[in-house]
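Here are a few worked exercises to go through with the model open in your viewer. Try each one yourself before reading the solution.

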Amino acid sequence: RLFQGLRSDQYGDDADFTGRASTLRAGDVVLTHLAATRHRVMRSSSIARATEVPYLKIVAPWVGCAGVEQKGRETWVTPGQWSIYDTTDSYAVANPERVEHLIVMLPKRALAERGLASAGLDGLMARRLGGSGGISRVALETMRNAFRELPSMPDAAARGIGDAIMQLVHLSLLDLAGQA
């Protein structure tokens, strides 16, 4: 329910799946700490078209790795890196080992309001960010610190940190696109 409809499998393992998710909100930004045994999730085009709220979704591993596939591209991210994908299109995320991830969901309209049109976003999905430093590293550290500190923040501060996360992701995507 949190991720608005996904199919999943466990790579054919006979072992039972175990997982835990803890979710916090920073205004319109949703941050989830996911700890789980190995698994894959897939979102079909038909489910994506029925999405209630269009999000851009970030996976940022603390432990393990994630393979993100969308728009004919596939990238793998490890701790210190992140990737972003669009929930209004089909995608798959592979987690071939036990993982701990920070999953961040940003309303797609909020980034569009900052000047990133859908057409411009397509080429930025399923790409690796953060590993080489710069603004994408600042965005990652802000997302991680926000998740840790949100429980003690008043609502106004939480909304402010959500806005800051959206701005840092926006700047990271502009940097990835080679724009000032």
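**Exercise 1.** Work out how Glu 141 and Arg 144 are placed relative to each other in helix H4, and what their side chains do.

*Solution.* Start with the helix: in this predicted model, H4 covers residues 135-149. Glu 141 and Arg 144 are three residues apart there, so about one helical turn separates them. Next, check the charged atoms: the two residues form a salt bridge, with the closest N and O atoms 3.8 Å apart. Last, look at accessibility. Glu 141 comes out partly exposed at 30%, whereas Arg 144 is buried at 9%, given that buried means under 20%.

**Exercise 2.** Find the salt bridge partner of Lys 71 in the loop that holds Asp 89, and follow the network from there.

*Solution.* The side chains of Lys 71 and Asp 89 meet in a salt bridge, 2.7 Å from N to O. Now place the two ends: Asp 89 sits in the loop between strands E8 (82-86) and E9 (91-95), and Lys 71 in the loop between strands E6 (66-70) and E7 (73-77). The pair is 18 residues apart and links distant parts of the chain. As for the surface, Lys 71 is partly exposed, with a relative accessible area of 35%. Then extend the search: salt bridges that share partners join Lys 71, Asp 89 and Asp 122 into one network.

**Exercise 3.** How many salt bridges does the structure hold, and which parts does the one between Arg 109 and Asp 28 tie together?

*Solution.* The total is six salt bridges. In the one asked about, the closest N and O atoms of Arg 109 and Asp 28 are 3.1 Å apart. Arg 109 belongs to helix H2 (residues 108-113) and Asp 28 to the loop between strands E2 (19-26) and E3 (29-36), so the bridge ties together parts that are 81 residues apart in sequence. Both ends are partly exposed: Arg 109 at 44% and Asp 28 at 38%.

**Exercise 4.** Is Ser 172 buried or exposed, and what surrounds this residue?

*Solution.* First locate Ser 172: helix H5, residues 155-176. Its relative accessible area is 1%, so Ser 172 is buried. Within the chain, a polar atom of the Ser 172 side chain lies 2.8 Å from the backbone oxygen of Leu 168. Finally, skip neighbours within four places in sequence, and the contacts of Ser 172 are Trp 82, Leu 129, Ile 135, Ser 136 and Ala 139.

Definitions and conventions:
Residues numbered from 1 in each chain as written. Predicted model: local features only at pLDDT ≥ 70, side-chain atom pairs only at ≥ 80, totals over all residues. Heavy atoms only, no water. Helix = DSSP H or I, 4+ residues; strand = E, 2+ residues; numbered from the N terminus. Buried < 20%, exposed > 50% of the residue type's maximum accessible area, 1.4 Å probe, protein only. Polar contact = N/O pair within 3.5 Å; in protein donor to acceptor, adjacent residues only side chain to side chain. Contact = heavy atoms within 4.5 Å. Salt bridge = Lys/Arg side-chain N within 4 Å of Asp/Glu carboxyl O.
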